[in-house]
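This report describes a structural model, beginning with the contact between its chains and moving on to individual helices, salt bridges and backbone details.

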Amino acid sequence: MPIEILMPALSPTMTEGKLLKWHKNEGDAVASGDVMAEIETDKATMEVEAVEEGKLGKILVAEGTDNVAVNAPIALLLEDGEDASALDAAPLATAPAPATAPAPAAETAAAPEAAPAPATSAPAPAETEWDGPSVTLTVREALRDAMAEEMRRDPDVFLMGEEVAQYQGAYKISQGLLEEFGAKRVIDTPITEHGFAGVGVGAAFYGLKPIVEFMTFNFAMQAVDHIVNSAAKTRYMSGGQVSSPIVFRGPNGAAARVAAQHSQCYASWYMHLPGLKVVAPWSAADAKGLLKSAIRDPNPVVFLENEVMYGQSFEVPDTDDWTVPIGKAKIVRPGKDVTIAAFSIMVGKALEAAEALAAEGIEAEVIDLRSLRPLDTATIVDSVKKTNRLVFAEEGWPSAGVGAEIAALMMEHAFDWLDAPVKRVCGADVPMPYAANLEKLALPQATNIAEAAKQVCYAK
Amino acid sequence: MLEIRRFEEKAGQMYGMGLIGGFCHLYIGQEAVVIGMQAAVTDRDTVLTSYRDHGHMLARGMDPKGVMAELTGRRGGYSKGKGGSMHMFSQEKGFYGGHGIVAAQVPIGTGIAFAHKYKDENAVCLTYLGDGAINQGQVYESFNMAALWQLPVVYVIENNKYAMGTSIERGSARTDLYHRGHAYGIPGAQVDGMDVVAVKKAGELAVAHARSGKGPYILEMHTYRYRGHSMSDPAKYRTKEEVQKVRQERDPIERLRGVLLDEAGVEEAKLKDIDRKVKAIVTEAAEFAQHSPEPDASELYTDVYA
């Protein structure tokens, strides 16, 4: 039986092409690797090599023919010992019609429509209330304690980053860790974010549980390929075989007077990505409990801290086994008139705004999102069903920001309960200025939040 | 080597039939590199590479059926059809990808070597990269850390002369790549990557160096790919004569065949027998890959999170 030579697909998008030229004539001997013909695709002119040996029995598509469909027979190859009479037996009827060139993805292309959107449908994990003794800790101390406790608990946990060991942390988060755990587990890296983020991901692929500290998340832009393409996507790409149990942590957002390249909130960037978890705590208790959960989590977690918060003190449960589930928001102040949702440093400003509003007779409910992916949409929706109004506050820019996502979710899940449009309070849409007065203008303040709350309450 | 050659020829053919989609980077011509290196390591060692990864997986002992079914995007593939040609893994065989971003595998491999050392396993990570990847900054970040921390990693540069369509002369200020670790004190050697025996010998030296705790080692393999960068490459950046000359004079399979017949006294019939066996393995893989079902629609949302 002669072998059919089919019109090959020569690019990811090719469905048909022009048979430009035959390099072999009928009757010619063909060896594997011989150039058979030239074909013009949508991208280029390509040579087609023979993959089987034999003799070119018959050319079915003449050179110069346009619009030859992929997989249409273009010639017949006679195998060893066959003569031309075998050509009559060739099953030409089985040749696929031009339109049926297989496009592997086409059949399943409709699936996403019916799909759940994972970022919005996180099951709310159980959270235990702490009624035992507590201790006053700064956010800085809480983060350190979380790492130290997890490193004591699991020898596979280690910390790497710039100045985390001998210098005790650029922001003193890793104070005392080198002394307790030694240089094997508390590792000073060169200034090489792209490289050490990748090294961390490799170690995580192999089963270690790295905590990678970025001195600030501004510098993580150097490493973003490994966070996105290596850490977040590999579990999916490997069909569930290879996970990245890694934490990327460090200060995010504006500090004070460090200008544009050192003052940016990256929350919405990382929140965009399936495969990543993203947390951004405000209080020391949540910082500790969430960091411990992040270290134990088998997925890559981006842990966004805030430099301004490091020195602030909170009551923290006095135990070495305090964890806070990732994916659960927290109502930090109950209220009935308007919901104010925020994360990280803006929670404090939201509470400040709520105090001011209370003085004017408006009771605001303040929600600390704590986790951005998965996002606890249910807690926000439940609150909006009660207050019928939502203000969202963030340091980041408005365009495609966290608030934009929250506003869309309210359209989808709480439209009928809203008595006013969702109002966003965001960072000014400019690179961060250096001058003190301009910087203050660029960052959302408690007064801006209170003002927005009054607007959605239609209060003067 | 023959299994890789025939597998890749079949993959090219199946791509032409529309059974394999997207990008498909064939390894034809470079077979001696992975086979020689595999002969220099053990099962506890680890391997990872870029997107031209089919040969590395077969050399590692991964099932050709699972690799081919991943190329066709079927549920029997190593990544259940969700990774494709460039993204496959086998923890069982110590293969850590299959990475689609040029040079991203270099710090990752360095990190796996870090884990080998952390766990005190006496294992070595072979991290493959090409003559294109060698110009990425993260390669040198990795070299620095690997040398600084004395990590058990062997960087195998597969210098096939072309970074996609850019010849090494047009992309690299210096075209000999084995000394690229010189600034970090990493020893390097140039190897005829078309000679499987030479690769094995050089590989054994490099692996022994890394395993003994002396840190990283660089091997520059002079090799050549016969096919285009990917399936849609018309290869206008080099002459047909150039390709033909390498095929005729340096082909790794033909060279080994010559050694076996002329020097080792192996009989022609034995080689024919290998031919037959390899053909059967590849045919079986292709059959499996065409008949394994596509992944279930429910797989769309699995494996995103652990």
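Which side chains of chain B and chain A meet in a salt bridge? In this predicted model, the pair consists of B:Lys240 and A:Glu47, with an N to O distance of 3.0 Å. The count between chain A and chain B is one salt bridge.

**The interface between chain A and chain B**

The count of residue pairs in polar contact between chain A and chain B is 26, with both residues at pLDDT 80 or more. On the side of chain A that touches chain B, the elements giving two or more residues are β5 (45-49), β10 (157-161), β11 (186-188), α3 (193-205), α4 and α5 (234-237) of chain A. Of these, α3(A) gives the most, with nine residues. By class, this side of chain A has 36 nonpolar, 22 polar and 14 charged residues.

In terms of contacts, 72 residues of chain A meet 57 residues of chain B. The two chains bury about 5,300 Å² between them, and 61% of that area is on carbon and sulfur atoms. In chain A, the residues that lose the most area to chain B are A:Tyr206, A:Tyr236 and A:Met237, which together account for 16% of what that side buries.

**Helices of chain A**

Helix α4 of chain A, residues 224-232, is mostly covered, with seven of its nine residues buried. These are A:Asp225, A:His226, A:Ile227, A:Val228, A:Ser230, A:Ala231 and A:Ala232.

In α12(A), the buried residues are A:Ala446, A:Ile449, A:Ala450, A:Ala452, A:Ala453, A:Lys454 and A:Val456. They pack against β18 (338-342), α8 (345-359), β21 (390-393) and β22 (423-425) of chain A.

**Salt bridges**

Side chains of opposite charge can pair when their charged atoms come close. Over all chains, the count comes to 42 salt bridges.

| Pair | Closest N and O atoms |
|---|---|
| A:Lys24 and A:Asp34 | 3.1 Å |
| A:Asp297 and A:Lys277 | 2.8 Å |
| A:Lys328 and A:Asp376 | 3.8 Å |

A:Asp376 is buried, with a relative accessible area of 2%. Salt bridges that share partners also join A:Glu149, A:Glu150, A:Arg153, A:Lys288, A:Lys292, A:Arg296 and A:Asp321 into one network.

In the pair formed by A:Lys24 and A:Asp34, the lysine sits in the loop between β2 (16-22) and β3 (29-30) of chain A and the aspartate in the loop between β3 and β4 (35-40), so the bridge ties together parts that are 10 residues apart in sequence. A:Lys24 is buried at 14% relative accessible area, whereas A:Asp34 is partly exposed at 22%.

For the salt bridge between A:Asp297 and A:Lys277, A:Asp297 lies in the loop between α7 (284-296) and β15 (301-305) of chain A and A:Lys277 in strand β14 (residues 277-279), so parts 20 residues apart in sequence are tied together. A:Asp297 counts as buried at 9% relative accessibility, and A:Lys277 counts as buried at 15%.

**Backbone details**

A cis peptide bond joins A:Arg373 and A:Pro374, with omega of about -5°. A:Pro374 lies in the loop between β20 (371-373) and α9 (377-387) of chain A.

Where is A:Asn71 found? A:Asn71 belongs to the loop between β7 (65-69) and β8 (73-78) of chain A. Its phi is near 80°, a positive value in a residue other than glycine, and A:Asn71 is buried, with a relative accessible area of 8%.

A:Tyr458 likewise has a positive phi, of about 50°, although it is not a glycine. A:Tyr458 is found in the segment after α12 (446-456) of chain A and counts as exposed at 57% relative accessibility.

Methods:
Residues are numbered from 1 along each chain as its sequence is written. Chains are lettered from A and ligands numbered from 1 in the order in which they are written. This is a predicted model: local features need pLDDT of at least 70, side-chain atom pairs count only at pLDDT 80 or more; totals for chains, interfaces and linings use all residues. Side-chain values use heavy atoms; hydrogens and water are left out. Buried means under 20% relative accessible area, exposed over 50%, partly exposed in between (1.4 Å probe, protein chains only). Helices (H or I, at least four residues) and strands (E, at least two) are DSSP runs, numbered from the N terminus. Contact means heavy atoms within 4.5 Å. Buried area is the accessible area (1.4 Å probe) that two parts lose on being put together, summed over both. A salt bridge is a side-chain nitrogen of Lys or Arg within 4 Å of a carboxyl oxygen of Asp or Glu. A polar contact is a pair of N or O atoms within 3.5 Å; within protein, one must be able to donate a hydrogen and the other to accept it, and residues adjacent in sequence count only if both atoms are side-chain atoms. Ala, Val, Leu, Ile, Met, Phe, Trp, Tyr, Cys and Pro count as nonpolar, Asp, Glu, Lys and Arg as charged, and the others, Gly among them, as polar.
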